[in-house]
Amino acid sequence: MVTSTPRYSVFLSYNRGDGKAAQRIQRWLETYRLPRRLRGGGAAFVDDGRRLRPVFRDIDEMRVAPDIDSAVIEAIGASAYLVVLCSPAAAKSEWVGREIEMFRARHGDDHILPLLLEGTPETSFPPALLHRADGRPLVPLAADIPGEGQRLALLKLVAVMAGVAMGVLVQRDAQRRMQQIIGLAALAIAVMAVVLVLVVQATNARLAEERQRVRAGTLSNYMLDDLRGQLKRAGRLDLLTAVNDGVAKSWRGQDLTGLSDADLQQRAKLLLAIAEDDESRGDLVAARVQTEEAMRTTAQLLAKAPADPARIFAHAQSQYFTGMVSWHGGERGKAAKAFAAYRDLASRLIAIDRSKPDWWLEVGYAENNLGTLTLRTRLDTTAAQGHFLAALKAFAAADALRPDHHDTLMSLADTEAWLADTQRLAGAPGQALAARARQKLILDRLTVLDPQDRQVTADRVAHELALARIAIEAGRPEAALPRLSEGKDKAATLAANDPQNIRRRAQVRMFSLMQLKALLMRPPVRRPDAATLAALNGDCAKDRATLKSDELADFCQILAARRTGTPPPPLAASGDRLTDRWGLDLATERNWATKAEEKAG
């Protein structure tokens, strides 16, 4: 057990390749102070309850020790906690494993805290972390720097050592940081006031130019690099929204002719970032205003140098965001126009330099957007197929210029999937199967490049569901059922390994619902008993509440109506002809259930 007055709060165990990260983490832990109203009750804290004891990092502490092993053993015995810096290099380090075992022998498992620096738990956890002292398996929960950011990950460690609730510590820490930000903002305002007094002494023309520069340059840099990041990390989205609104209002209708090119670029970048924030919280009206301002800014830049690739690219991004915001806001015609402009700008980049794979990717993204919009909103399979084939051609060109690039291969696989769905909906199951076979080959390439890629694993499971849907819509439910059963088991494994991921659980439910649809296609005498069918159908209201999916709940209710021979209820999902995630044609599915109910009646 840990002694009541250890010399060190933490023994840092790490691979030498992670030395810079270890030094940074040691400095953060040793300088961190708990917020004033909190006190750490653990042995890791000094008497005032706000500061951690020194952190042991062997490269500093063992320079004068005559026996390295003895020094490590002594430091481990004098440390309250062991923090293991997990990375692929640490996972292979014999020395890190020895330090874990030595600490476990002295203090047990409860004071061993993993901190993920890079990679995933599967690739970065040393083997010694995965079992207890008695040999039983252990699945440690790690603070995750790549997934959570350094500050939140380290606050998790501090919360454990202080014996306080994580939520309380994060809230108090955010309040303290916000007070610091407000203080800095007040200072910045005071400095800017002094600057403005000095600027007033210049000519009126110079004053206008300087104001433009301060507002578009200094402010946008501060917003992009400092304040927005601090507010997001502190969880103060309300203040972020207020700041975004203030900046956007101050820029609306602004005369752009007096701004430098660098200021215009920063202005456009910030406006698109604000638009993304607005869209993520569902404020499409505000997002539309920001994208229009960004469009005006990038258009001004492009007008000055129409052949500049960087400016063409920037204006293409404005068109892309305009298209997405318009689509989500129900303005499908405006979205199609913006996506077409995006494609045209990307094609201009190709005309300038055909050797850049990133330019080919932009063309592919634009064609894919047009194909997806066309299919979902109009169910025009002929036009959509043309866009997807053009996207595949562009992605293939990028792949030839830069083979085995992850983003390119993912785009190729995704577009083959969209093409297959288009062909399935067009009543061409053979072509759809061929496209899915090509997608599978691309996913195989990605698996070879990174066997631990979770998204690729999830896409392979989704591929099984897609093949089953082709069989179902081709009128071959018996061919679909074995694939659905196997795919559902794989989806359940993914969901169990990531229990907080709603999308994983929703995928399991979709496999169950497709199983039910396939079984309902059988003659009544060949169907399973009513209890089995009801179990597959599940609780539709629960799907809507816990999985946050109207399309899943609607499909569930449609199948329930078909199963029980009752009229299907009205649909809750609205918008495009095909649903957002699963591409379900709910109107057609509802008609299918209605006809079955009429036939039964």
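In the predicted model, Y320 has a relative accessible area of 25% and is therefore partly exposed, since the partly exposed class begins where the buried class, under 20%, ends. F321 has a relative accessibility of 17%, so this residue counts as buried. The rings of Y320 and F321 form a pair. A pair of aromatic rings is described by the distance of the centres and the angle of the planes. For Y320 and F321 the centres lie 5.4 Å apart and the planes meet at 75°; the pair is edge-to-face because planes over 60 degrees apart are classed in this way. Both residues belong to a cluster in which ring pairs also link W327, F339 and Y342. The structure holds ten aromatic pairs. An aromatic ring also takes part in a contact with a charge: the charged end of R16 sits over the ring of Y14, at 5.0 Å from the ring centre.

The protein as a whole has 601 residues, and 48% of them count as buried. Its secondary structure consists of 26 helices and five strands. Among contacts with a separation of 6 or more, 67% are between residues 24 or more positions apart.

The five strands form an open sheet with parallel pairing, in the order β2-β1-β3-β4-β5. Strands β2 (55-56) and β5 (143-144) are the edges of this sheet, and each pairs on one side only. Strand β1, which covers residues 8-13, runs parallel to β2 and is joined to it by two bridges. Within this pairing, F11 has F56 of β2 as its bridge partner. Helix α5 (residues 94-107) packs on the sheet, where it touches β1, β3 (79-86) and β4 (112-116). The direction of α5 makes about 155° with that of β3. A further helix, α8 (residues 150-162), lies across β1, β3, β4 and β5 and runs at about 170° to β4.

Strand β4 is paired on both sides. Five bridges join β4 to β3, and the two strands run parallel; one of the partners here is L113 of β4, which is bridged to V83. The pairing of β4 with β5 is also in the parallel sense, over two bridges, and L116 stands opposite D144 in β5. Five of the five residues of β4 are buried. In a regular strand the side chains alternate between the two faces of the sheet. In β4, I112, P114 and L116 point one way, while L113 and L115 point the other way. The residues on both sides of β4 are buried.

Two residues in loops have positive phi values. L379 has a phi of about 55°, although this residue is not a glycine. L379 lies in the loop between α16 (357-378) and α17 (381-401). With a relative accessibility of 21%, L379 counts as partly exposed, because the buried class is limited to values under 20%. K548 is likewise a residue other than glycine with a positive phi, near 55°. The loop that holds K548 lies between α24 (540-546) and α25 (550-564). K548 has a relative accessible area of 64% and is therefore exposed.

Definitions and conventions
Residues are numbered from 1 along each chain as its sequence is written. This is a predicted model: local features need pLDDT of at least 70, side-chain atom pairs count only at pLDDT 80 or more; totals for chains, interfaces and linings use all residues. Side-chain values use heavy atoms; hydrogens and water are left out. Helices (H or I, at least four residues) and strands (E, at least two) are DSSP runs, numbered from the N terminus. Buried means under 20% relative accessible area, exposed over 50%, partly exposed in between (1.4 Å probe, protein chains only). Contact means heavy atoms within 4.5 Å. Two strands pair if DSSP finds at least two bridges between them. Axes are lines fitted to C-alpha atoms, for helices over the stretch in contact, and angles run from 0 to 180 degrees between N-to-C directions. Rings of Phe, Tyr and Trp (its six-membered ring) pair if their centres lie within 6.5 Å; planes under 30 degrees apart count as stacked, over 60 as edge-to-face and the rest as tilted. A charge sits over a ring if NZ of Lys or CZ of Arg is within 6 Å of the ring centre and within 35 degrees of the ring normal.
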